[in-house]
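I am opening the notebook on this model. I want to look up its folds, its cores and a few packing details.

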Amino acid sequence: MDAMPVQVEGEAGGAAEPGGFTVTLDRFTGPLDLLLYLIKKNQMDILELPVAPITDQYVQYIESQKDVNLEVAGEYMAMASELLQLKSRMILPRPPVLESEESDPRRALVDRLLLYRRIQAAGGVLKDRSIAAAKRFYRGTVDLAAPYRKGVILLQEATLFTLLAEYRIVLDAARGRRRPPEEIAIDASLVEERSTDILRRLSGVPFGEIVFDEVYFVAAPRVEVLVLLLSLLELSRLHLILVRQEAPFAAIRLEPGPRFRSDVPPASLLQSEQVFETDETPLPASPSRGEEVSAGAGMT
Amino acid sequence: MTTELALSRLIEACLFVSDSPLSDRRLAEVLSRPISEVRAGLAELRALYDDGGSALELVEIAEGWRIATRASLEPTLARIFGVRRLQRLSRAALEVLSIIAYRDRASDPATAQDVEQVRGVDSYAVIKGLMEQDYIRQAGRKEVPGSPLLYVTTPRFLEYFGLKDLKDLPDEMELDALFKESPQPVMEPSPEPSSASPADSTPAPPP
């Protein structure tokens, strides 16, 4: 497809093709552009278009590009079939009566090429004119009074891409300035629930051991992972579980700790320690809470 | 009462306060002076700027006159203003604009279909983009089956390309002359190329 007008002209060099071509299709603005390129490259006379060689080259080029971009190839394929048709018509003997310039089957294509070449020349002139015109500044186009930094983009001239680039800069700057949160709000009842669940699982297994994988879900939301981590830390701190890992990256195993009792309901095991606050408000994970907890644990 | 000012100075004031180009006709209306006097005044003002070593000059653009900074000062000013000129139109966009501009000049506005016919590729996306950026606009519908939309250029088009008007575009003769000057002649008959594998491994860019 055509490039959007805002896009900066790409001077992308394509990979070398076996036939000696070193340009890819997206370099061309269309089948006529490719044809003009081939004509110029081979220094052919556009008015005496050698149909057979140009058709062969065109088709060969399209074939080499077919895998690259199927969608683009559509319009190019149409031109290829037009050329092939023209080629066969050139080969067929024509009645001598019609052997005049008017009946030249190439006429329509040559006319199109000439017109298109003229349009391209006009485009080139326009481009030069725009470069020259950009050398002048008019009143009201530069706001020097506004707070600005060097290299700032005039909004008038901003494209989607320049805006995106600026957005990224702002985003990165914001990220750099962002501090780690001082408080993480996690509902304490979630940790309690999870701890109870782990204890229940522990009392349910025959060998009194579970593998970390059994309680951890890779795809779990971040909050849940955090809750699990807090639960395990809390349980091990209370000597209700032992966490073991034989080797780096080996399976993490959980087993009952010294204070674990399978005859007491898990909830009471936790409650007896008065670890968790009873109110429903989310607990701040701040140092003050840690002191509170250890003080409470010490009293029991 | 009012101090008697030279017409050229009055024109200068009008051009200074106006945000868009002012035609000599409009200036004549505003100043209630014959158009011939206004034209003489414009020439006088232009000379004043040119001879006085001013950073400004009088520019004829988009069917009117404007005061602009001198083009020769661009490198210095662009640095001072901190302006980056990022927008460049693609070759496809320039082709579409050329087709629409030349058809507009010939008072025979182009449809999307006309553009596609000349270019050999669907150009709707480019037309849409150019319209969003105000280089072209719709100008009614063609009275043919399907009544397709017609497209013409805008004042922004003239301003962006620094054109006085559409007649300022090179005519067909001038365009065709560009090919005769091109270093790689395309009009000369050439020996039959070895079509299977072209010898030239470093192709020149398309025109």
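For the contact entries I take two residues as touching if their C-beta atoms, placed from the backbone, lie within 7 Å. I keep in mind throughout that this is a predicted model.

**Entry 1: chain A overall**

I looked up contact range first. In chain A, 62% of the contacts between residues at least 6 apart in sequence join residues at least 24 apart. I then listed the secondary structure and found ten helices and five strands in chain A. I also checked burial. Of the 300 residues in chain A, 23% are buried.

**Entry 2: chain B overall**

Reading from the N terminus, I noted the order α-α-α-β-β-α-α-α-α-β-β-α-α. Buried residues come to 31% of the 207 residues in chain B. For contacts in chain B with a separation of 6 or more, residues 24 or more positions apart account for 46%.

**Entry 3: the cores**

Which residues touch the most other members of the largest nonpolar core? I found B:Val96, B:Leu97 and B:Ile100, in a core of 64 residues. Helix H5 of chain B, residues 91-105, gives the most to this core, with nine residues. I followed B:Ile100 further. Leaving aside neighbours within four places in sequence, B:Ile100 contacts B:Ala110, B:Val115, B:Ile136, B:Tyr151, B:Val152 and B:Thr153. Another core lies apart from the largest one. It has 14 residues, including A:Leu228, A:Leu232, A:Phe260 and A:Leu269.

**Entry 4: helix packing in chain B**

I took H5(B) against helix H6 of chain B, residues 112-119. Their axes come within 10 Å and cross at roughly 120°. That angle makes H5(B) oblique to H6(B). The crossing is right-handed. From H5(B), the contact uses B:Glu95, B:Val96, B:Ile99, B:Ile100 and B:Arg103. From H6(B), it uses B:Asp114, B:Val115, B:Val118 and B:Arg119.

I then turned to H1(B), residues 7-17, and H3(B), residues 35-51. Here the axes come within 8 Å and cross at roughly 80°. H1(B) is therefore roughly perpendicular to H3(B). On the H1(B) side I listed B:Leu7, B:Ser8, B:Ile11 and B:Glu12. They meet B:Glu37, B:Val38, B:Gly41, B:Leu42, B:Glu44, B:Leu45 and B:Leu48 in H3(B).

**Entry 5: a sheet in chain A**

In what order do the strands of the open three-stranded sheet in chain A run? I read E2-E4-E3, with antiparallel pairing. Strand E2 (210-211) and strand E3 (241-245) stand at the edges, each with a single partner strand, so one side of each has no neighbour in the sheet.

I checked each pairing. E2(A) pairs with E4(A), residues 252-256, over two bridges. E3(A) pairs with E4(A) over five bridges. A:Leu254 in E4(A) turned up in both look-ups: A:Ile210 stands opposite A:Leu254, and A:Val243 also stands opposite A:Leu254. E3(A) and E4(A) form a hairpin with six residues between them. In its turn I noted A:Phe249, with a positive phi of about 70°.

**Entry 6: A:Leu202**

I placed A:Leu202 in helix H6 of chain A, residues 188-204. Why does A:Leu202 count as buried? It has 22 C-beta neighbours inside 10 Å, and the cut-off for burial is 20 or more. Not counting residues up to four places away in sequence, A:Leu202 touches A:Gly208, A:Ile210, A:Ile241, A:Leu254, A:Pro256 and A:Phe260. I looked up one of these pairs in detail. A:Leu202 and A:Pro256 are 54 residues apart in sequence, yet 6.8 Å apart in space, C-alpha to C-alpha.

**Entry 7: helix H1 of chain A**

Is H1(A), residues 31-41, mostly covered or mostly uncovered? I found it mostly covered, with ten of its eleven residues buried. The buried residues are A:Pro31, A:Leu32, A:Asp33, A:Leu34, A:Leu35, A:Leu36, A:Tyr37, A:Leu38, A:Ile39 and A:Lys40. I noted that A:Asp33 and A:Lys40 are among them. A:Gln43 follows H1(A) and has a positive phi, near 50°.

Technical notes: Residues numbered from 1 in each chain as written. Chains lettered and ligands numbered in written order. Predicted model: local features only at pLDDT ≥ 70, side-chain atom pairs only at ≥ 80, totals over all residues. Helix = DSSP H or I, 4+ residues; strand = E, 2+ residues; numbered from the N terminus. Buried ≥ 20, exposed ≤ 12 C-beta atoms within 10 Å, placed from the backbone. Core = buried A, V, L, I, M, F, W, Y, C linked by C-beta atoms within 7 Å. Pairing = 2+ DSSP bridges. Axes fitted to C-alpha atoms, helices over the stretch in contact; angles between N-to-C directions. Parallel < 35°, antiparallel > 145°, perpendicular 65-115°, else oblique. Left-handed = near helix turned anticlockwise from the far one by under 90°.
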